[in-house]
Amino acid sequence: MQEKGTISIHTENIFPIIKKFLYSDTEIFLRELVSNAIDATQKIKRLSSLGQYNGELGDLRVEVSFDEKAKTITISDNGLGMTAEEIKKYINQIAFSGATEFVEKFKEAKDANEIIGRFGLGFYSAFMVADRVEIETLSYQEGAEPAHWTCDGSTEFEISEGSLAERGTEITLHINKDSEEFLSQQRLQEILDKYCKFLPVPIKFGTKTETEDDGEDEEGKPKYKTIEVDNIINDTNPIWTKAPADLKDEDYLNFYKQLYPFSEDPLFWIHLNVDYPFNLTGVLYFPKLKNDFEIQRNKIKLFSRQVFITDEVKDIVPEFLMLLHGVIDSPDIPLNVSRSFLQADSSVKKINSYITKKVADKLAELFKADRKAYEEKWTDIGLFVKYGMVSEEKFYDKAKDFVLLSNTKNENFTLSEYKDKVTPEQTDKDGQLVYIYTNDPAKQDAFIQSANKKGYDILLMNSPIDNHFIGQLEQKLEKTSFKRVDADVADKLIKKEDALEHVLTEEQATKVKGIFDKAINKPAYKVELESLNPDELPVTVTMDEFMRRMKEMAAMGGGMGFYGSMPDNYKVIVNGNHKLISRILNEENEEVQSALSKQAFDLALLSQGLLTGAELTEFVNRSVNLI
Ligand code: ADP
Ligand code: MG
């Protein structure tokens with residue numbers, strides 16, 4: 001048997017579903033209804049400018065009010081209004097067609113924002129908080145009759161003659177038992193602040209008192225009086241809607257303060273403004289970084305036509321720019337579809353690369369315009385730049401001209417400046433450039449001083465991103481490798497032909513090695529004899545660069561794998577040319593010989609902070625006895 005048919009949908013079921021699925025974010029009902037009211041006022045303005053409406057526009061405004069006793073919230077506007085026919089068409093029908101789609105797709109819907117936008121159920125979000133909704137409206141059209149619509153959340157509605165005398169719409173929600181929290185001045189103000197603060201038409205919410213000059217009293221002192229004025233909750237002209245040319249630094253700084261009242265002034269900002277191939281405006285600020293990056297993330301607010309949508313902009317803003325603050329406004333971002341779709345969406349990709357490009361251009365401009373000021377900000381912006389270079393190929397290509405390398409002497413260089421600087425001293429015998437860095441100048445001071453003595457420059461690479469950044473530069477820069485300053489003794493950091501002659505004979509060298517092996521007596525420390533400069537330390541402890549990096553990587557990946565399971569292995573480099581070594585060699589008392597070797601070894605550990613705990617105490621006691 002075969003039969004084809006249409007599955008029927010019972011529309012009576014739609015309201016319980018809406019209520020259930022939207023429940024987590026019920027507060028957005030106000031955003032939806034206020035946006036509709038704003039749309040209505042914008043539409044009448046447009047009709048008027050097109051000459052299709054010749055009546056008075058009046059002061060266009062939206063008003064939100066509530067009545068605690070009657071348990072109602074009312075949203076009114078003097079927009080274009082609706083006729084009874086239009087109510088039937090826009091209010092009654094849209095929900096039903098939207099509902100069909102809703103039922104078809106609700107299985108994928110994960111959160112309230114997604115559902116509302118996707119199905120155009122804005123108006124119906126009122127039923128999340130109301131048992132009954134009433135519309136009083138009067139259309140702008142000539143001869144229109146006021147209409148009244150009411151619905152109790154079932155599929156039954158009633159249209160009757162209305163009572164409105166002026167053009168516009170008034171929506172009254174009879175708040176249900178579970179939603180009485182919304183019948184509060186503070187709660188409503190909070191929601192309006194969150195979603196409606198930058199809407200383009202004044203929104204009145206009650207009144208507020210202000211003080212005003214009131215002449216002078218008998219003694220000639222100024223008098224004041226308090227007056228009640230409309231409480232307008234929004235700034236109808238936020239700076240991102242204006243042209244950059246019309247704005248001063250002060251305007252940007254004030255706006256920043258308005259968004260983040262407790263933050264320090266930002267370092268600089270970027271005004272975004274595109275209308276092709278997508279629409280996007282906004283202002284992004286580079287904040288002064290604090291240590292706690294997590295707290296500073298998710299500070300960008302996303303708007304769609306000045307309505308606040310979310311501060312989760314993860315897929316729209318490249319990951320490395322998540323530390324920026326500010327606003328992005330785009331009607332083109334598909335706010336309401338699932339995450340995976342958003343990532344694949346081509347306009348989101350374009351927006352992403354547009355923002356990346358704008359940020360790169362701004363940095364390039366700052367660098368060119370005032371190198372000194374740029375360097376002063378480098379500690380704050382360096383992290384963004386390096387992170388960006390590591391994570392976005394396109395950003396790397398732009399940033400390679402303005403990224404700075406800082407050395408231990410607080411000097412800054414561009415990549416090409418640095419290459420020129422170190423090429424003469426730091427090229428090894430195979431023509432490979434070796435960049436030497438420290439991640440902890442205090443701990444590695446002895447190594448830094450030795451390397452400086454050889455005429456090497458030491459880069460400071462101590463930010464969390466530097467390991468990755470070094471890896472990136474090694475891939476990108478030609479014939480260049482990085483070595484941490486303690487990866488080897490200074491003489492060996494850069495392999496050159498000019499190895500020093502051994503002072504010791506081979507026999508003596510073997511003997512010294514034996515003495516140290518015995519004195520140290522730890523399998524993790526491998527003794528090697530080298531002929532270094534007599535001025536160098538007698539003993540140096542190093543960890544091979546490759547080995548260290550592999551272990552660091554294994555540690556980041558959870559410490560597993562081959563390198564992760566290897567014990568820390570150190571090289572103990574004994575400087576055969578140092579006079580202490582000849583002394584040890586010539587010492588006849590074996591105990592003294594061993595004590596001297598142990599002491600020289602411990603000193604090497606100590607200078608690198610590798611000597612701790614009981615071993616440190618033992619070293620101190622032993623040293624005291626030697627004095
Ligand atoms: P959307 O806003 O996405 O179109 P809504 O469910 O929020 O969906 O609103 C449905 C329609 O009802 C609107 O498109 C508009 O035509 C009409 N409408 C809603 N509120 C008002 C209002 N305050 N004044 C005039 N028309 C309105
Ligand atoms: Mg709407």
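Ala, Val, Leu, Ile, Met, Phe, Trp, Tyr, Cys and Pro count here as nonpolar, Asp, Glu, Lys and Arg as charged, and the others, Gly among them, as polar. By that division, the lining of the largest cavity has nine nonpolar, four polar and two charged residues.

The model is predicted: local features need pLDDT of at least 70, side-chain atom pairs count only at pLDDT 80 or more, and totals for chains, interfaces and linings use all residues. Residues are numbered from 1 along each chain as its sequence is written, and side-chain values use heavy atoms, with hydrogens and water left out.

**Cavities**

A cavity is a set of points, on a 1 Å grid over the protein atoms alone, where a 1.4 Å probe fits but cannot get out; lining residues have an atom within 4 Å of a point. Points are joined across faces, edges and corners, and a volume is the space filled by probe spheres set on them. There are three cavities of 30 Å³ or more. The largest holds about 100 Å³ of space. It is lined by 15 residues, of which Phe-447, Ser-450, Glu-536, Leu-537 and Thr-540 are the closest to its centre. At least two lining residues come from each of helix 13 (445–453), strand 20 (539–542) and helix 20 (590–607); helices (H or I, at least four residues) and strands (E, at least two) are DSSP runs, numbered from the N terminus. The largest cavity lies between domain 3 (404–493) and domain 4 (506–626), because both give residues to its lining. Domain bounds come from an automatic or database domain assignment.

**Nonpolar cores**

A nonpolar core is a set of buried Ala, Val, Leu, Ile, Met, Phe, Trp, Tyr and Cys residues joined through side-chain atoms within 4.5 Å. Buried means under 20% relative accessible area, exposed over 50%, and partly exposed in between (1.4 Å probe, protein chains only). In the largest core, of 63 residues, Val-34, Trp-149 and Leu-173 touch the most other members. Helix 2 (residues 28–49) gives the largest share, 10 residues. Domain 1 (2–205) and domain 2 (243–374) each supply at least three residues to this core. A second, separate core has 60 residues, including Leu-289, Ile-300, Leu-321 and Ile-381.

**Backbone**

Most residues other than glycine have a negative phi, and most peptide bonds are trans. The bond from Tyr-276 to Pro-277 is cis, with omega near 5 degrees. Two residues other than glycine have positive phi.

| Residue | Phi | Relative accessible area |
|---|---|---|
| Gln-306 | near 70 degrees | 13%, buried |
| Asn-410 | near 65 degrees | 67%, exposed |

Gln-306 sits in the loop between strand 11 (299–304) and strand 12 (307–310), and Asn-410 in the loop between strand 14 (404–406) and strand 15 (412–414).

Notes. Chains lettered and ligands numbered in written order. 1 Å grid on protein atoms, 1.4 Å probe; cavity = no way out; pocket = protein on both sides within 12 Å on 5 of 7 lines; lining within 4 Å.
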